[in-house]
Amino acid sequence: MAPQYAPSLRSRLPPLLLFLQTGFIVIYAFYTDIEGYVKERDGNTFSNFYPEFQDVNVMVILGFGFLWTFLVRYGFSGAGFNLLVAVVATQCAVILNGIDSWYYRGKIRINLRSLVDAEMCAASALISIGAVLGKTNPVQLVLMALLEVSGFVLNEWLLHTLLKVRPLKDMRLHIFGAFFGLMLTWILHRDGSKQQFEKEKFGRKTGLFSMLGSIFLWMFWPSFNSVLVDAHTPGRKLDAVCSTYLALAVSAVTAAALSVLSSPKGKVNLIHMHSCILAGGVAVGVSISGVHQPWEAMAIGFTAAVVSTIGFRYLKNHMLRAFQCHDTCAILSTHGLPGLLGWLAQLLLQIRDCDNHTMAIRFAVVHICTVLFTISLSVAMGIITGLLLKWNIWRPSQDRKCFDDQAFWEFPRLAVRK
């Protein structure tokens with residue numbers, strides 16, 4: 001029997017990328033303008049804001065790029081497709097976020113703040129990639145990113161229009177990305193996932209590169225959370241940095257302890273470490289507006305690590321067996337559950353600080369409606385995107401070619417002589 005090769009993407013990927021890039025160039029040529037010689041909208045000049053932009057850029061490109069390289073035969077795709085999706089999604093998000101500016105001013109203003117906002121939208125798509133990592137081709141990933149970024153921006157506009165609120169992007173990107181990815185992998189379920197895919201394995205070298213990505217994310221997460229804080233309030237950025245660092249430190253220690261406790265052999269699981277140590281940063285980033293004391297951040301980080309580690313150990317397999325939802329990187333445990341925990345912590349802390357009971361009730365109602373609306377829209381967009389990506393026109397890989405770089409990358413030494 002002749003060997004089955006992965007379907008060629010020559011007639012799919014190049015036309016899609018060239019069409020998108022040409023369209024972006026035309027839109028940027030006629031409808032955008034770089035905003036120079038003025039202060040950013042939060043009062044920061046270029047020299048003050050550029051380090052924060054650089055930190056976010058490192059997280060998006062290097063952090064997530066290396067984080068997705070833990071699969072033994074999917075390192076090229078994990079890092080390479082992460083970069084491809086990130087730059088496409090960022091260019092798209094700059095346009096979508098600037099529609100209001102275009103409508104009122106005639107031009108989309110581009111500055112460091114708009115680039116950071118766009119990269120945060122792209123981060124939501126990168127989180128969702130973790131759920132379908134190894135089971136989709138680059139054409140599907142690019143289309144997924146475009147649709148998710150559109151849904152993410154639409155969610156912000158609807159919340160501002162209907163509920164008159166502007167929640168932090170950090171709250172929405174983790175929750176939106178996690179539930180979008182879960183619905184996507186549920187719709188794109190493969191029969192091969194009932195039993196572990198042949199090439200879905202964890203390697204020592206790839207695990208080291210993946211841990212390097214986690215370290216990048218861990219180091220720069222305080223900057224990521226501080227960007228979201230209003231700089232007009234004195235001391236708030238410093239509070240955000242300190243609170244995030246403490247939460248990350250506590251979650252790293254707790255994840256190591258629980259990893260050993262949950263292991264039958266009493267050893268540390270590297271997969272737990274490179275994912276669950278970030279849970280504190282996720283949770284405290286969502287609740288940053290309500291955290292004012294160091295112990296609050298540490299308590300949130302501790303609880304997030306407990307929830308994330310236990311979920312990573314047990315929830316992933318139960319999701320597959322009960323709901324046929326194969327979450328490759330367990331993004332529900334890494335981003336979804338810590339994000340919901342941070343949302344709950346913010347709700348409780350804000351109610352505690354309210355002196356007026358009427359205002360407390362009103363805040364609770366709006367806060368609950370915000371998260372329910374975000375989850376509902378992410379689930380709906382995930383289902384729609386999954387149904388679209390399920391079409392055979394995108395040439396999905398066979399089960400036996402999942403988690404394999406050879407399906408998409410050239411390896412001269414492994415070339416087959418005909």
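The largest cavity holds about 50 Å³ of space. The model is predicted; local features need pLDDT of at least 70, side-chain atom pairs count only at pLDDT 80 or more, and totals for chains, interfaces and linings use all residues. Residues are numbered from 1 along each chain as its sequence is written, and side-chain values use heavy atoms, with hydrogens and water left out.

A search of the whole structure returned four cavities of 30 Å³ or more. A cavity is a set of points, on a 1 Å grid over the protein atoms alone, where a 1.4 Å probe fits but cannot get out; lining residues have an atom within 4 Å of a point. Points are joined across faces, edges and corners, and the volume is the space filled by probe spheres set on them. The lining of the largest cavity includes Trp 68, Tyr 74, Phe 81, Asn 82, Ile 129 and Leu 141. Two elements give two or more residues to this lining: helix 3 (75–97) and helix 5 (112–132). Helix 3 gives the most, with four residues. Helices here are DSSP runs (H or I, at least four residues), numbered from the N terminus. By class, the lining has seven nonpolar residues, five polar and no charged. Ala, Val, Leu, Ile, Met, Phe, Trp, Tyr, Cys and Pro count as nonpolar, Asp, Glu, Lys and Arg as charged, and the others, Gly among them, as polar.

Thr 69 lies in the loop between helix 2 (46–67) and helix 3. Thr 69 counts as buried because its relative accessibility is 7%. The cut-offs are under 20% relative accessible area for buried, over 50% for exposed, and in between for partly exposed (1.4 Å probe, protein chains only). A polar atom of the Thr 69 side chain lies 2.5 Å from the backbone oxygen of Phe 66. Beyond four places in sequence, Thr 69 touches Gly 75, Ala 79, Thr 206, Phe 209 and Ser 210. Contact means heavy atoms within 4.5 Å.

Ser 308 is located in helix 12 (residues 294–323). With 0% relative accessibility, Ser 308 is also buried. A polar atom of its side chain lies 2.9 Å from the backbone oxygen of Ser 333. Leaving aside neighbours within four places in sequence, the contacts of Ser 308 are Cys 276, Ala 279, Ser 333, Thr 334 and Pro 338. The C-alpha atoms of Ser 308 and His 272 are 8.7 Å apart, although 36 residues separate the two along the chain.

Two loop residues other than glycine have positive phi. For Lys 164, phi is near 60°. Lys 164 sits in the loop between helix 6 (138–163) and helix 7 (169–187), and is exposed at 66% relative accessibility. For Gln 324, phi is near 55°. Gln 324 belongs to the loop between helix 12 and helix 13 (331–353) and is partly exposed at 38%.

Leu 340 lies in helix 13 and is partly exposed, at 24% relative accessibility. Outside four places in sequence, Leu 340 is in contact with Ile 175, Phe 179, Val 371 and Ile 375. Its C-alpha atom is 8.9 Å from that of His 174, 166 residues away along the chain.

Helix 14 (residues 357–389) has 33 residues and reaches 48 Å from first C-alpha to last, close to the 48 Å expected at 1.5 Å a residue. The expected span is 1.5 Å times one less than the number of residues.

Technical notes. On a 1 Å grid over the protein atoms alone, a cavity is a set of points where a 1.4 Å probe fits but cannot get out, and a pocket is an open set with protein on both sides within 12 Å along at least five of seven lines; lining residues have an atom within 4 Å of a point. A polar contact is a pair of N or O atoms within 3.5 Å; within protein, one must be able to donate a hydrogen and the other to accept it, and residues adjacent in sequence count only if both atoms are side-chain atoms.
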